[in-house]
Each structure stands twice: as structure tokens, then as C-alpha cells.
Amino acid sequence: MDLIKLYLNKPQDTAKSAIEKHLERISNQIKHVNGLMIDLLTIGTIEAGKIAFHPSWTDVVAFCQQVIDRHFSNQGDDRVVHLSVEGVLYSAFLDTKLMDHVLVNLLSNAFKFSQHDPRLVLHFTSETVLIQVIDTGIGIPASDLSALFQPFFRAGNTTSIVGTGLGLVIARQYVELHGGNLTVQSQEGIGTTFTIVLPNGHKG
């Protein structure tokens, strides 16, 4: 309230610009808090074993393309996700709602922590489906890698970038619900690769 009174005594042009700047900061803080609350509720639901899990046979390539088209086709800086596929294609047993969340988190990070186009690589083998999100961004310090999937942990070179420190925790839990795993390889200043390994549900 005192801030509003302060700007009311300033010339209109000066006041408008300053107020708009403060409103943008407030809006960003509200978004951050909302995101944190949603992530906390999700973590609580996971820990209580109450996450709805409804997998179905899914065309992985078509699904990944839909994720790209829906969430990353209109980047303000014209960057794009480069999708590539290796191996003989087959469908996977996925909960597309949960895996959408996982891929959006990983690709959003790839855009956030790099100035270049991220890559999404699908590799089909007889045993597994590998989904890799690759960026050539700031990378992760080696000393931080072992703690990366701990709640609220943020790498030391990302403190100036908005985040809750829960996204990767949730992503790994969602992947593990599919009987898979999520790992990371990174080199500071070079880039980062997140790898999702999912079992071939057609075997066994």
C-alpha cells in the first residue's frame, strides 16, 4: 500500500512504468508459489501411494511429437526440439499423462539452462526404450550430481534461475511407476543428458 502511495506522487509516465515493473515481479512470485504448492501436493500424493496410474499401449514417437507440438512449438526465440529415432519401433505401455509431465519438465529445463536447441532422442532396443533429452547448456557441477534428485536441491549454478527443486524428484517417481529409471549425465559448461529407460512391455 505504501508503495502505491509513493508512485501516486510521481509523474504519470514514471509511475506507470515503475508500477508495471513491480506488478510483473509480483506476478512471477505468485506463479512460483503456485508451482511450489502444486509440486508439494504432488509429492504428498506420490508418497501416500495415491497417484493415479493408467498405462496403455502408446505409439512413443507420435506421443513425443504431440508433446513437442503442444508445449514447445511456439518458443519466443524460435528455438525448436529436434526429435530423432533409432532402432525398430514398437509401442510402449505408458501413462501418457504422467509421461507428458516428465518430458515437459526435462525439455523445459533444457530450454531454461541452454541457449541452443535441445534434442529428444528415442532409441528402441529389444529390451528397452531409451528416451534422452540432450542440451548443450550450462551443465551441472560434478559435486552436485549425486544430490540432483533430492527434494528442493538446486545445482549451485542455477540459483539465479526460477525453480522449485521438486520437478526432477517428481519426474523420477513417475518414471519408476512405469518400471523404469531416470538418470543424468552432465559436464559443467558442456551440457546435460537425461536418460529415461523403460522396459519393453512386449517381452516376458
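This is a predicted model: local features need pLDDT of at least 70, side-chain atom pairs count only at pLDDT 80 or more; totals for chains, interfaces and linings use all residues.
Me: What makes strand 6 and strand 7 a pair?
Reply: Two strands pair if DSSP finds at least two bridges between them. Strand 6 and strand 7 (residues 191-199) have 7 bridges, in the antiparallel sense. They therefore meet the criterion. Across this pairing, Gln185 stands opposite Thr193 of strand 7.

Me: In which order do the strands of the open sheet run?
Reply: The order is 2-4-5-7-6, with 5 strands and mixed pairing. Strand 2 (82-86) and strand 6 (181-187) are the edges; each has a single partner strand, so one side of each lacks a neighbour in the sheet. From one strand to the next, the twist averages 15 degrees.

Me: Which helices lie across strand 6 and strand 7?
Reply: Helix 4 (residues 96-112) lies across strand 4 (119-124), strand 5 (128-135), strand 6 and strand 7. Helix 4 runs at about 165 degrees to strand 7. Helix 5 (residues 167-177) also lies across strand 6 and strand 7, at about 135 degrees to strand 6. Axes are lines fitted to C-alpha atoms, for helices over the stretch in contact; angles run from 0 to 180 degrees between N-to-C directions.

Me: Why is Thr195 called buried?
Reply: Buried means under 20% relative accessible area (exposed is over 50%, partly exposed in between; 1.4 Å probe, protein chains only). Thr195 has 9% relative accessibility, so Thr195 counts as buried. Thr195 is found in strand 7. For the whole chain of 204 residues, 39% count as buried.

Me: What makes the Thr195 and Gln132 side chains a polar contact?
Reply: A polar contact is a pair of N or O atoms within 3.5 Å; within protein, one must be able to donate a hydrogen and the other to accept it, and residues adjacent in sequence count only if both atoms are side-chain atoms. The two side chains are in polar contact at 3.0 Å.

Me: Which residues does Phe194 contact, beyond four places in sequence?
Reply: Contact means heavy atoms within 4.5 Å. Among those in contact with Phe194 are Leu106, Ile131, Leu148, Phe149, Leu168 and Val184. Phe194 is in strand 7. With a relative accessible area of 6%, Phe194 is buried. Phe194 and Ile134 are 60 residues apart in sequence, yet 6.6 Å apart C-alpha to C-alpha.

Me: What makes up the largest nonpolar core?
Reply: A nonpolar core is a set of buried Ala, Val, Leu, Ile, Met, Phe, Trp, Tyr and Cys residues joined through side-chain atoms within 4.5 Å. The largest has 41 residues; Leu120, Ile131 and Ile196 make the most contacts inside it. Elements that each supply at least two residues include helix 3 (60-71), strand 3 (92-94) and helix 5. Helix 4 gives the most, with 9 residues. Leu120 is in contact with residues including Cys64, Ile68, Val81, Leu103, Leu107 and Ile131.

Technical notes:
Residues are numbered from 1 along each chain as its sequence is written. Side-chain values use heavy atoms; hydrogens and water are left out. Helices (H or I, at least four residues) and strands (E, at least two) are DSSP runs, numbered from the N terminus.
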